[in-house]
Amino acid sequence: MIIVGVDYHPSVQQVAFLDTETGETGERRLSHSDGEAERFYRDLQRRQVKVRVGIEATGHARWFERLLAELKFELWIGDQARIKAARVRKQKTDRQDAQLLLRLLIEGRFPRIWVPSPENRDLRQLIWHRHRLVQMRTRAMNQIQAAAMNEGVRRKKTLWSKTGRRQLEALPLAPWSTRRRQDLLELVDRLNTTIDELTAAAEEEARKRPEVLRLMTHPGVGPITALAFVLVLGSPDRFGCGHQIGSYLGLIPCEDSSADRQRLGHITKQGSSLLRFLLVEAAQAAVRWDPDWRRRFVHLAMRRDRRIAEVAMARKLAVSLYWMWRKGFDYPQTLQFGSHAGEPGYVHGVK
């Protein structure tokens, strides 16, 4: 077997390799633009030996992953934080990083992480693309609202009704202000059409997955949030408990405690920023429509800041969705079987 440690960069990569049968070792710096890196790995394939490649989790490496999959090489992707913790010396170079990755692979200490499938990644692009277009539409609509308010028209959401649209288009503006208004309105119309198409595609994908339909029974959770939750987590078997879900999604506070003093900060924000955003939105919808969730939110908001309460409810929602997915329960079933405290015949402790 040939083991290769790769310090990957968008334009170049530094490799350190070892042939476990012959004991041959080597180091090379490979360029991507001239095809040098691809030739190196195709030469390894011609040797007809098993090859294992280890890299840190990084972006801009899809082509590299596809190349190794085509060559049927074993690719291990490692946790950046744990690899950094294994670096003892304060000096950091590409050569030392590649040698560190190779050493971790040889010693069996490489912190391998779960990698989503190509289909999973492609569906994530659907969710991300829709999310970015919604953000663009929101910015354009805010600019139109500001232009209307400058002319004394303050209709809030009703500005986008048929009556509000006619009033907006009838406002007498200066030539370039008129041009800006028209361009923004056309942009919003085009974005509405594209967003509707992407939403329909996401809803169609959600209908194909029973676990997504099950999560949609939770108050406030729609197809976009449920589909994103399933795609980001991959499988509920990867996590042992609900606490790990909050940590994985970055919804737990930073902590710097020592001795008898506990120091908690803002949430870590480690994990998918898109899923955190969707969970906060879904939690706010659950608070509006579900009395029990509203009661919990009001209680937290009175004790703490409202923004802290919103994040806390998002974490609670993530944990609730995780247990629904893991146990195969719909939301009404979780209410029935989630807790037996206070029910007739309930006895605390072991029978």
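Helices and strands here are DSSP runs, numbered from the N terminus: helices are H or I stretches of at least four residues, and strands are E stretches of at least two. What you're looking at is a predicted model, where local features need pLDDT of at least 70, side-chain atom pairs count only at pLDDT 80 or more, and totals for chains, interfaces and linings use all residues. Residue numbers start from 1 along each chain as its sequence is written, and side-chain values use heavy atoms, with hydrogens and water left out.

Let's start with the sheet. It's an open one, built from 5 strands in the order β3-β2-β1-β4-β5, with mixed pairing; two strands pair if DSSP finds at least two bridges between them. The edges belong to β3 (25-31) and β5, which have a single partner strand each, so one side of each has no neighbour in the sheet. From one strand to the next, the twist averages 20°. Strands β4 and β5 run parallel and are joined by 5 bridges. If you want a spot to look at, V53 has L75 in β5 as its bridge partner.

Now for a helix on that sheet. Helix α4 (residues 94-107) lies across β1 (2-8), β2 (12-19), β3, β4 and β5, with contact meaning heavy atoms within 4.5 Å. It runs at about 140° to β1; axes are lines fitted to C-alpha atoms, for helices over the stretch in contact, and angles go from 0 to 180 degrees between N-to-C directions.

On to the pockets. On a 1 Å grid over the protein atoms alone, a pocket is an open set of points where a 1.4 Å probe fits, with protein on both sides within 12 Å along at least five of seven lines, and lining residues have an atom within 4 Å of a point. The largest pocket has a volume of about 1400 Å³, volume being the space filled by probe spheres set on the points. It has 37 lining residues, and R62, W114, P116, R121 and R124 are the closest to its centre. Elements supplying at least two lining residues each include β4 (51-56), β5 (74-78) and α5 (118-150), and α5 has the largest share, with 7 residues. The lining has 20 nonpolar, 8 polar and 9 charged residues; Ala, Val, Leu, Ile, Met, Phe, Trp, Tyr, Cys and Pro count as nonpolar, Asp, Glu, Lys and Arg as charged, and the others, Gly among them, as polar.

The second largest pocket has a volume of about 620 Å³. Of its 20 lining residues, H266, I267, R307, I308 and V311 lie nearest the centre. Here α13 gives the most, with 6 residues.
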